[in-house]
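Trainee: Please take me through this model. I would like to know how its features are to be read.

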Amino acid sequence: SKRETKMRKLDSTKVRPVKSEQLLHIEDHDFALRPGFGGSPIPVGIDVQVESIDSISEVDMDFTMTLYLRHYWKDERLSFRSNKNKSMTFDGRLIKKIWVPDVFFVHSKRSFIHDTTVENIMLRVYPDGNVLFSLRITVSAMCFMDFSRFPLDTQNCSLELESYAYNEDDLMLYWKHGNKSLSTDEHISLSQFFIEEFSASSGLAFYSSTGWYNRLFINFALRRHIFFFLLQSYFPAMLMVMLSWVSFWIDRRAVPARVSLGITTVLTMSTIMTGVSASMPQVSYIKAVDVYLWTSFLFVFLSVIEYAAVNYLTTIEERKQLKKRGKASGMYSIDAVQAMAFDGCFHDTDVDMDLTGFSDRCEETPAHAASISNVDTTRIKRKRSLKGNVGRIILQNNHVIDTYSRIIFPSVYIVFNFFYWGLYI
């Protein structure tokens, strides 16, 4: 009937659709050539929206960024008639059949177009032939970093865009909206850096074999968080230096205590320095953190050398005193601390000792016990009275070098910290 025939005509699903290739006249043109081939260079506008900065690697000296890259140009071969003047939008399947700019990332190491769930490519064609070509890309590119002020440094990195095949005679690459062509996500953040600024710039690049090319730059400045390194490197180094000063208040004859403390602080400083170096590239210049750690290591090392000098001068002084107080019979009257240094036993008064048999005086064998029983009894009494005389012994046996070190070492270290932080901050 007439009514059924009319309903079939109104049913759009029964109408055979027109192919996009036929509507855009793709088969009627050679899209291997750029638009306006042989004439003036085709202008291609660029704008970028940075979605995220995924990582910054100091060891590899690179960064990884995810962005939306959009191209704008006009290709009259793609113009079509439209009663409503509406654009047509396509996915990545049409890209292989038309001409698109061959923009690439200079100094890039790795890059890819996201393909979940399909390739993140969008092509929008307007009736007058204007084209919008958009990609979602993740790219890893080089960043030439300077670590001379690390970790108090600010790094300036840039992502550079350029046409690979078309020089400035064929393609003019420019920022579509000037400085506003670069936009960023408000929630971009990094664990180790503050992102200070993003900016767009342009320039020219010359290649001896192919000529001049337009180049666009995405510049951004990164300032490093210092608090992490204060906790992991600077504060431990300060504590180790101050711990090494405890040695100056320990009795100069307590050799095991002072030597053990010195060696422990030296080894701990070495561990801190090794940990910092392991996470950094092997550069040939000195970094700011190296200056601080090596200076701290020098203070710790000098505290060990200081005790070596104290011990050596103490030994010379004792020898001179023994010679002055020596007797013709070979017996020497020495003070309690000197006796402790020789025989390992504690004494609270002066004592006469025979140096020829000194090594056997502290613990005699049963065969000699009868001949020197009186001396052993005296020593036992002296050991019991040790607790009341420890403070006096320590105060009487501070070397002059220890006295000066207690003032000089902290003062010089404070001055060093003042100049260091004033210079690098």
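Mentor: Tyrosine 420 touches Leu152, Tyr234, Ala288, Val289, Val291 and Tyr292, leaving aside residues up to four places away in sequence; contact means heavy atoms within 4.5 Å. This is a predicted model, where local features need pLDDT of at least 70, side-chain atom pairs count only at pLDDT 80 or more, and totals for chains, interfaces and linings use all residues. Residues are numbered from 1 along each chain as its sequence is written, and side-chain values use heavy atoms, with hydrogens and water left out.

Trainee: Is serine 296 buried or exposed?

Mentor: Buried means under 20% relative accessible area, exposed over 50%, partly exposed in between (1.4 Å probe, protein chains only). Serine 296 counts as buried because its relative accessibility is 0%. A polar atom of the serine 296 side chain lies 2.9 Å from the backbone oxygen of tyrosine 292. Serine 296 also touches Ala237, Val241, Met269 and Tyr413, again not counting residues up to four places away in sequence.

Trainee: What is the mean pLDDT of the protein?

Mentor: pLDDT is the predictor's confidence in each residue, from 0 to 100. The mean is 82, and 77% of residues reach 70 or more. Over residues 11–17 pLDDT stays under 50. Where pLDDT is low, the predicted coordinates should not be read in detail.

Definitions and conventions:
Polar contact = N/O pair within 3.5 Å; in protein donor to acceptor, adjacent residues only side chain to side chain.
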